Amino acid sequence: FKHKDTQDQALCWKEVLKDLGNNKPMNRLVCGDVGFGKTEIALRAAFVSVLGGQQVVVLAPTTILVNQLFHSFVSRLGAFGVYVGALSGFTLHKTSIINRFIKKEVDVLVSTSSVLFQPQILKQCGLFIVDEEHRFGVRDKELVLSLNPSVNFLSLSATPIPRSLQLSLNKVRSLSTIQTPPIERKPIISFVHYFDISVICGAILKEVGRGGQVFIVDNSVENLKKLVRILKSKLPAISLGVAYSRLNKKNLLKTMESFVFGKTQVLLSTSIIESGIDIGQANTIIINNSHLFGLSQLYQLRGRVGRSPLQAF
């Protein structure tokens with residue numbers, strides 16, 4: 001781990017490790033703010049399980065997040081001979097990945113909800129991790145427990161659903177909280193404005209001027225296309241990318257990778273970037289028509305920025 005564990009992170013990892021060594025299956029909710037290091041706990045839990053001869057399934061809500069988690073798991077665990085597979089809209093040979101998992105050739109499978117239609121995979125995994133657990137229905141999450149009662153179950157969320165919190169507070173599930181931010185993390189400064197293109201252009205120029213990147217979010221694809229036209233005429237030197245779920249999968253992957261690797265300065269997108277996307281260079285997010293989003297959505301979206309020591313807006 002290239003960062004130093006925060007106090008809460010270290011304690012949370014101790015609790016998870018103790019659960020994994022217990023006779024009874026783990027059922028734990030890790031609750032921590034966006035960017036506070038929940039994924040690191042999941043990575044370590046997966047590694048320990050694979051070392052113990054178990055297979056791991058990581059469930060994530062969107063293809064984009066699956067893609068990002070896949071790269072995180074490969075970069076951290078690949079050197080130790082852990083084979084990681086991904087199952088999402090971006091996967092070309094889905095049947096092959098499923099069969100390889102069943103034959104125990106894949107140690108960790110990162111997947112969208114499509115894994116829930118594969119009972120054989122759910123029956124043989126030893127650890128089931130749900131990232132962004134608030135994005136899944138109760139029936140989906142309980143499915144693995146009904147097929148595989150002895151599975152270790154780990155959920156991660158910054159905004160857990162009330163039912164999960166209730167179960168944790170009633171001691172039906174264990175609860176770990178990560179409340180300390182990483183060292184050097186600054187609070188995100190938030191403003192509320194009426195729509196004003198000069199404010200948007202000013203924010204983009206300020207962020208790009210310090211070498212950063214910008215998210216612009218609006219849930220209407222038509223609005224995004226209009227904004228692209230306006231920004232192209234106002235800021236011709238700025239490189240723009242557009243991402244929404246109905247986009248051709250190949251183009252969506254290309255757009256996201258271009259933004260992740262810093263080739264695109266501004267990404268205009270719907271709320272598909274809400275879950276878990278982690279880009280340290282992006283430190284300004286503009287949310288248009290924010291009154292049309294839910295509170296937990298706005299909270300998650302705001303967490304896409306401020307993941308580096310720089311001040312985020």
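**Asn288 and its surroundings**

Guide: Let's start with Asn288: skipping neighbours within four places in sequence, Asn288 is in contact with Phe195, Val217, Asp218, Leu227 and Phe293. Contact here means heavy atoms within 4.5 Å. Before going on, a word on the ground rules: this is a predicted model, where local features need pLDDT of at least 70, side-chain atom pairs count only at pLDDT 80 or more, and totals for chains, interfaces and linings use all residues. Residues are numbered from 1 along each chain as its sequence is written, and side-chain values use heavy atoms, with hydrogens and water left out.

Visitor: Why is Asn288 called buried?

Guide: Buried means under 20% relative accessible area, exposed means over 50%, and partly exposed is in between (1.4 Å probe, protein chains only). Asn288 has a relative accessible area of 14%, so Asn288 counts as buried. You'll find Asn288 in the loop between β11 (282-287) and α11 (295-302). Those element names come from DSSP runs, numbered from the N terminus: helices are H or I with at least four residues, strands are E with at least two. The protein has 11 helices and 11 strands.

Visitor: What makes Phe215 and Phe259 a tilted pair?

Guide: Rings of Phe, Tyr and Trp (its six-membered ring) pair if their centres lie within 6.5 Å; planes under 30 degrees apart are stacked, over 60 edge-to-face, and the rest tilted. The centres of Phe215 and Phe259 are 5.1 Å apart and their planes are at 50 degrees, so this pair is tilted. The pair links distant parts of the chain, with Phe215 in strand β8 (residues 213-217) and Phe259 in helix α10 (residues 249-260), 44 residues apart. Both Phe215 and Phe259 are buried.

Visitor: How many aromatic pairs does the structure hold?

Guide: There are 3 aromatic pairs. Another one of them is Phe47 with Phe80, also tilted, at 5.0 Å centre to centre and 50 degrees between the planes. Phe47 is in helix α2 (residues 38-51) and Phe80 in the loop between α3 (63-77) and β3 (84-87), 33 residues apart.

Visitor: What sits over the ring of Tyr83?

Guide: The charged end of Arg100, 4.7 Å from the ring centre. The rule asks for NZ of Lys or CZ of Arg within 6 Å of the ring centre and within 35 degrees of the ring normal. Arg44 likewise lies over the face of Phe1, at 5.2 Å from the ring centre.

Visitor: Which residues touch the most other members of the largest nonpolar core?

Guide: Among its 31 residues, those are Val16, Val56, Val58, Phe73, Val108, Ile129 and Leu154. Such a core is a set of buried Ala, Val, Leu, Ile, Met, Phe, Trp, Tyr and Cys residues joined through side-chain atoms within 4.5 Å. Its largest share, 6 residues, comes from α2. Apart from it lies another core, of 22 residues, including Phe215, Tyr244, Phe259 and Ala282.

Visitor: How do you know that the radius of gyration agrees with a compact globule?

Guide: The radius is taken over C-alpha atoms, and the globule rule is 2.2 Å times the number of residues to the power 0.38. For 313 residues that rule gives a value near 20 Å, and the protein has 20 Å, so the two agree.
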